[in-house]
Amino acid sequence: MFKPFVFPRNHKPDTSGRRIVDRQSFVQGIVSGGGSSQCVICPVSSSMVAETLDKRNQNWFVRTKVANDLIIQVGDTNFHLHKLPMVMRSGYLNRLVFQLTSIGERETGLKIRLDNLPGGSKIFEFVVKFCYGWKVDLTASNVAPLYCAAHFLEMCDDFEEGNLMSKTEAFLSFLIFSSWKDTFRILKSCESISSWAKDFKITKRSSEAIAWKACTNLKAPSHEDDDMQCFSFLSNNVDSKVEGAVLDNWWFEDVSTLRVDHFIEVVQSLKCKGMRADLVGSCIAHWTVKWLSRITSGLESMIPKHMTHQYVRVTIECLIKVLPVEEKSVTCNFILHLLKIGFVTKVNSDLLSLLERRIAFMLDQCRPLDLLVRNYGDKDSVYDVNLVIRVVVAYVSIVSKSTTPKMFAVGRLVDGYLTLVAKDENLKMNTFQSLVEALPKEARFCDDNLYRAIDMYLKAHPSLTEEERMTLCGSLEYHRLSQEARDHVAKNDRLPVKITTRFILLEQVNMTRSMTAIGSNYRRTKTEAIVRVNKGLDKGRMNSQKELNLMTKEVQTMRVQLHDLHMCKLKLQNQLKGCII
C-alpha cells in the first residue's frame with residue numbers, strides 16, 4: 001500500500017512567457033480532421049505508448065509492457081501510470097517525483113495527489129492520453145480547461161516541442177478569433193475554472209472577441225457563414241420598419257446565456273469598443289429579464305432554486321455598476337425593477353440611492369405606464385406604489401422650489417399613475433394618500449386629473465368610511481378645478497357630504513359675484529346710454545318713453561334675481577352649519 005504524498009498547489013505559473021503558434025502552422029500541423037470547432041492533437045513523439053486505458057470503478061489503468069510505477073490521485077479517482085511519459089512532458093510532475101525520491105520514497109510505487117487541478121479527473125484523462133501518445137479530441141467545450149490544466153502541470157515546449165500547452169493555446173486562439181458560437185461554449189466551459197480562466201486571460205480574450213464582433217458586424221451574419229451563425233432577436237420594445245430587416249441587437253440572445261461574471265466582462269468590453277449606449281442598456285435589460293424574471297417581492301418565493309439570496313444581491317449590484325450613464329440608455333421601468341429587487345435583496349444603500357436619483361431625473365420624460373412595477377404577494381397591491389413614492393420624494397428633494405414646466409410634467413405623470421392604480425382593491429388608502437401628498441400643490445397646474453384619480457379610487461373602494469373619504473378628498477381645492485369638474489362634483493354621490501356641500505356653496509358664491517358684476521356693468525351701461533340720449537336731444541333723436549320703461553323693468557328683474565340668490569346663499573350656509581354640528 002502506497003502512502004500518498006500531498007503537495008500544496010498555491011503557486012500558479014506565470015503566463016507572460018507562453019508561446020503562441022501562428023495560424024498557418026496551426027492549420028497545417030495541428031488540425032487533423034473535424035470542423036473548425038474540433039481538432040485532434042497528439043504529441044510529436046512518445047517515450048511510451050499505452051496499449052489500453054481501462055477504468056475500473058474509480059481507478060484508471062494504463063496497460064503497457066512495463067509495470068505501473070506511479071499513482072496520481074485526482075479527486076476521488078486514481079490513475080495508475082508510469083513516471084517516464086508523465087515527467088517528460090510535465091515540469092510540475094517532474095519536480096514532484098524528484099522531491100519524493102529525494103526524501104526516501106521508493107522509486108517504484110510513488111503516489112501523488114493533485115489538488116485543485118483545473119477540470120478535475122475528466123480533464124486529466126485527456127492529459128494522460130496525450131502523454132502516452134494517444135490522439136486527443138479538442139473541442140470548444142474542453143479546450144479551455146485543458147489549456148489551464150496544461151499550465152497547472154507546466155506542460156510547455158521547454159520539455160518537448162509541440163507540448164500540450166502550445167497546442168491547446170493555438171486551438172483556443174483559433175476558436176476565439178474565428179467562431180462566434182464556439183466563443184460562448186468556451187466561456188461556458190470556464191464556469192467551473194473561473195479563477196484559472198481569469199488568470200490566463202481566457203475570459204478577457206473571449207469577451208473582447210464577442211464585443212469586437214458585435215460592434216463590427218452591423219447585421220447578423222448569414223446562417224451559411226462558417227462558424228458565425230448569429231440569429232436575430234426581436235425584443236418587445238423594438239419596431240421593425242422593414243419586414244425581415246436584420247436588427248442591430250442580433251447578439252442579445254447569445255450574450256444573455258452567459259453567467260453574470262462573464263456577462264459583466266462582455267459589457268465592459270462592449271463599452272471599451274464603443275458600442276452604442278442604448279444597445280448596451282437594452283442588452284443588460286434583456287439579460288436581467290431572462291435570468292431574474294421569476295424574482296418576486298416575497299423572500300420565500302423570490303429566489304429561483306439555482307440561486308442564493310447573496311448571489312442575487314451581488315448580481316444586482318454588478319448590474320447597477322455597469323449601467324451606461326448616457327441619457328436614454330436605459331428605460332425608467334427597467335431601473336425601477338432593479339430598484340425593487342435591490343430593496344428586497346438589501347443591496348448597498350448607496351447604489352439604491354443612485355438608482356433613485358437617476359429615476360428622479362427621468363420622471364419628466366416618463367409615461368404613467370413606465371412606473372408600473374408589479375407586486376407578487378397575495379395580500380399586496382397589484383403594483384408597488386411605495387416604490388414610486390420613494391422616487392417622487394427623491395425628485396422633490398432634488399428640484400428647486402420654483403415651479404417649472406418639468407415639474408408640471410411630473411405632476412401630470414403622478415396623477416396619471418394614480419388613475420392607473422386607483423382601481424386596485426388591495427391598494428391601501430394611506431398609500432394612495434401618501435403619493436398624492438408627495439408632490440407639492442404647485443406641481444399641478446389644476447386638480448382635474450387628481451380629482452379623476454380620487455373619484456376612481458372611491459368607486460373601487462365603496463367600504464370607506466365618511467371620515468376616510470373626507471381625508472382623501474382633503475387635497476382637492478375648488479378654485480383649482482375646471483368648470484366641468486365642478487359640475488361633476490355637484491352630482492357625485494361618492495364624495496363626502498361636507499365636500500359636496502362646500503363645493504356647491506362656493507359655486508353659488510361664485511355665481512353671486514358674477515351676477516353682481518353683471519348688474520353693475522348693466523347699470524353703468526344704462527347710465528351711459530342716458531347720457532348719450534341727452535347729448536342727442538339737440539339732434540331730435542330721444543328714445544321713446546316705452547324704451548325707458550322696458551329698461552326699468554329689466555333692472556327690477558335683475559334685483560329680484562339677486563335677492564333670490566342671496567336667500568339661496570343663506571339657506572346653504574344654514575345647511576352647512578347643520579352638517580358641521
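Is lysine 328 buried or exposed, and what is the relative accessible area of lysine 328? In the predicted model, lysine 328 is exposed, with a relative accessible area of 64%; exposed denotes over 50%, buried under 20% and partly exposed the range in between, for a 1.4 Å probe and protein chains only. The model is predicted, so that local features require pLDDT of at least 70 and side-chain atom pairs count only at pLDDT 80 or more, whereas totals for chains, interfaces and linings use all residues. Residues are numbered from 1 along each chain as its sequence is written, and side-chain values use heavy atoms, with hydrogens and water left out.The protein chain contains 24 helices and 8 strands, assigned as DSSP runs (H or I, at least four residues, for helices; E, at least two, for strands) and numbered from the N terminus. Of its 581 residues, 47% count as buried. Among contacts (heavy atoms within 4.5 Å) with a separation of 6 or more, 71% involve residues 24 or more positions apart.

Lysine 328 occupies the loop between helix H14 (309-322) and helix H15 (332-344), and its phi is near 65°, a positive value in a residue other than glycine. Lysine 346 is placed in the loop that separates H15 from helix H16 (349-362). Although lysine 346 is not a glycine, its phi is positive, at about 60°. Lysine 346 also counts as exposed, at 68% relative accessibility.
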